Amino acid sequence: MINLQHISKTFRKQTETVEAVRDINLTIERKEIVAIIGPSGCGKSTLLNMIAGLYPPSSGSVVYKGKHVTDVNTDVGYMTQKDNLLPWRTVLENIAFPLELAGVARSERAARAAEVIKHVGLDGFEHRYAHELSGGMRKRACLARMMLYGSETALLDEPFAALDAQLKLAMHDLLMRLAAETEQTVVLVTHDLMEAVTLADRVLVCTRRPATIALEHRIDLKRPRDVLNVRFTNEFKDHYDLLWERLRVEYHEDRV
Amino acid sequence: MTASQTESAAAAPDQAAAPREFGPGFMLACQVALGVSLLLMWQGVSGRLVDNFFISNPIDVGRRLFEWISNGSLFLHMWATVYATTLGFIIGSVGGIILGVWLGVSPFTGRLLNPYLNALNALPKVALAPLFVLWFGLGIESKVALAAVLVLFLVFLNTYAGVREVDQDLIDGARLMRATRAQVITKVIIPSALSWMFAGLKISVPYALIGAVLGEMIAANRGLGYLVQFSGSQFDTAGVFAVLIVIALLAVALNHLVELAQYRMQKWRVVGN
């Protein structure tokens with residue numbers, strides 16, 4: 001469904017050139033959950049930005065459902081570490097924003113938003129502003145907004161990096177439930193290996209900059225997974241160790 | 001912060017007492033007392049240390065004010081100034097906001113016009129007054145134009161900066177949700193730049209007044225600017241002071257109005273505001 005063909009990206013900033021991504025080939029199937037893991041600043045986010053069509057690759061092409069992505073890809077929902085909630089809008093108005101853009105009537109917007117708000121457990125906070133919410137609540141709001149928008153693909157760029165461990169688990173659980181319910185394809189960029197193995201069907205290990213794919217590994221843990229306990233199984237440990245072995249090389253090289 | 005400070009002060013009894021909190025009533029009383037003593041000093045100095053001709057005295061000024069109020073002429077002049085200020089402010093703000101948003105969202109035009117706008121901005125706008133008198137005549141229109149031009153540039157510069165400052169991620173987010181260009185502008189860019197626009201509007205209020213008063217001083221037959229000019233030319237120091245007081249009060253009132261409007265319109269308080 002998502003097809004990256006030999007994509008590379010080089011940024012030019014005056015005299016400096018930074019090669020962020022080099023020759024990545026990748027196919028992501030529908031309803032698949034793919035985690036991309038690698039050292040911080042290795043170009044993982046650049047990859048997502050190109051899938052979202054926010055900027056074009058320097059070479060190669062991004063094909064989404066058989067079509068070349070040349071402009072913003074409105075079939076995807078994008079969620080970053082920095083939750084992009086509009087600070088002058090309440091939770092309800094933020095979550096209903098995609099419907100408002102689509103020209104849905106106010107009463108219908110409110111009704112449909114109220115439904116997803118309940119679903120992500122934000123009821124009672126509809127009329128708060130984003131800065132009045134905790135980090136976890138803001139993530140919930142983002143997920144709810146994405147749900148209401150109904151994107152078939154979710155691009156997640158280290159969405160839970162700023163949350164504490166317990167909250168992260170709760171968000172993992174919510175994300176997995178929502179992805180299963182809405183049959184979304186998920187591309188998750190993270191530097192948390194535990195998160196990657198817990199959530200993904202497939203984990204891609206990226207090298208440090210310029211990002212290339214160093215290792216591709218399928219996680220065949222059965223679904224639905226229990227986010228709290230899956231990490232204590234032996235299979236989980238095997239996947240984790242194998243990936244960490246490769247990832248460690250990247251981190252080690254990073255330090256030299 | 002304040003609570004923890006008072007707590008720590010209370011926990012250390014051997015320390016000097018925390019600075020006293022002054023109630024608003026107490027401070028107001030002090031301010032009134034200062035004002036009254038300044039007036040008394042003025043009255044005392046005038047005619048004794050400094051010639052009454054140069055600094056007049058509060059009693060004469062008060063008498064002049066009363067005279068103008070009772071014969072109604074003050075209100076005629078005030079109205080002319082308020083009218084020119086308000087109209088100039090409205091025209092200038094609307095123009096400045098439109099220009100700022102337009103240039104802010106069109107990078108090409110923005111950069112194309114940049115040097116020209118800088119040159120125009122560097123120009124002391126007051127120097128345009130003779131031109132406005134020529135174009136719009138001696139009536140209220142030339143004062144409105146002068147006020148509007150002063151306001152326009154301030155509001156424009158602030159709006160432009162605000163639009164350039166909008167978080168690109170918010171714009172991208174909206175575009176990914178199928179927002180049209182018009183929707184991005186009205187639902188993301190303008191609300192996001194609103195605090196900048198307000199800052200521009202706020203600082204430009206006194207300039208609108210300056211524009212109107214200056215315009216009246218140059219060529220007019222009514223308005224507070226005309227009145228101050230006329231009083232000066234009649235060597236009527238008391239009259240000049242009386243008008244200055246009225247202008248100052250007017251400026252304070254206008255500032256309060258803007259603050260009120262900002263408070264009403266912007267529920268969400270912007271960081272750094």
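1. Is helix α1 of chain A mostly covered or mostly open, counting how many of its eight residues are buried? Seven of the eight are buried, which leaves α1(A) mostly covered, where a residue is called buried if 20 or more other C-beta atoms lie within 10 Å of its own, exposed if 12 or fewer, and partly exposed in between, with C-beta atoms placed from the backbone. The buried residues are Lys44(A), Thr46(A), Leu47(A), Leu48(A), Asn49(A), Met50(A) and Ile51(A), and the helix is followed by Gly53(A), whose phi is positive, near 75 degrees.

2. On conventions, this is a predicted model, in which local features need pLDDT of at least 70 and side-chain atom pairs count only at pLDDT 80 or more, whereas totals for chains, interfaces and linings use all residues. Residues are numbered from 1 along each chain as its sequence is written, while chains are lettered from A and ligands numbered from 1 in the order in which they are written. Helices (H or I, at least four residues) and strands (E, at least two) are DSSP runs, numbered from the N terminus.

3. Chain A holds an open sheet of six strands, ordered β6-β7-β8-β3-β9-β10, with mixed pairing; two strands are taken to pair if DSSP finds at least two bridges between them. At the edges stand β6(A), residues 76-80, and β10(A), residues 213-218, each of which pairs on one side only. Direction ignored, neighbouring strands of the sheet are turned against each other by 15 degrees on average, with axes being lines fitted to C-alpha atoms, for helices over the stretch in contact, and angles running from 0 to 180 degrees between N-to-C directions.

4. Helix α1(A), residues 44-51, lies across β3, β6, β7, β8 and β9 of chain A and runs at about 155 degrees to β8(A).

5. Cys206(A), placed in strand β9 of chain A, is buried, with 25 other C-beta atoms within 10 Å. Apart from neighbours within four places in sequence, Cys206(A) is in contact with Ile36(A), Ile37(A), Gly38(A), Cys42(A), Lys44(A), Ala211(A), Ile213(A) and Ala214(A), contact being defined by C-beta atoms, placed from the backbone, that lie within 7 Å. Cys206(A) and Ala170(A), by comparison, are 36 residues apart in sequence and 27 Å apart in space, C-alpha to C-alpha.

6. Helices α5(A), residues 135-149, and α6(A), residues 165-182, have axes that come within 11 Å and cross at roughly 5 degrees, and the two helices are therefore roughly parallel to each other (angles under 35 degrees count as roughly parallel, over 145 as roughly antiparallel, 65 to 115 as roughly perpendicular and the rest as oblique). From α5(A) the contact draws on Gly136(A), Lys139(A), Leu143(A) and Met147(A), and from α6(A) on residues including Leu167(A), Ala170(A), Met171(A) and Leu174(A). The contact residues divide into eight nonpolar, two polar and one charged, where Ala, Val, Leu, Ile, Met, Phe, Trp, Tyr, Cys and Pro count as nonpolar, Asp, Glu, Lys and Arg as charged, and the others, Gly among them, as polar.

7. Two non-glycine residues of chain A deserve a look at their backbone angles. His6(A), found in strand β1, residues 2-13, has a positive phi near 50 degrees and counts as exposed, with 12 C-beta neighbours inside 10 Å. Lys65(A), in the loop between β4 and β5 of chain A, likewise has a positive phi, of about 50 degrees, and is partly exposed, with 13 other C-beta atoms within 10 Å.

8. Chain B has twelve helices and zero strands, and 35% of its 273 residues count as buried. Among contacts in chain B with a separation of 6 or more, 73% are accounted for by residues 24 or more positions apart.

9. The contact between the chains takes 13 residues from chain B and 18 residues from chain A. On the side of chain B that touches chain A, α9(B) gives the most, with six residues, and that side divides into seven nonpolar, two polar and four charged residues. The axes of α9(B) and α10(B) come within 10 Å and cross at roughly 155 degrees, which makes α9(B) roughly antiparallel to α10(B).

Methods: Contact = placed C-beta atoms within 7 Å.
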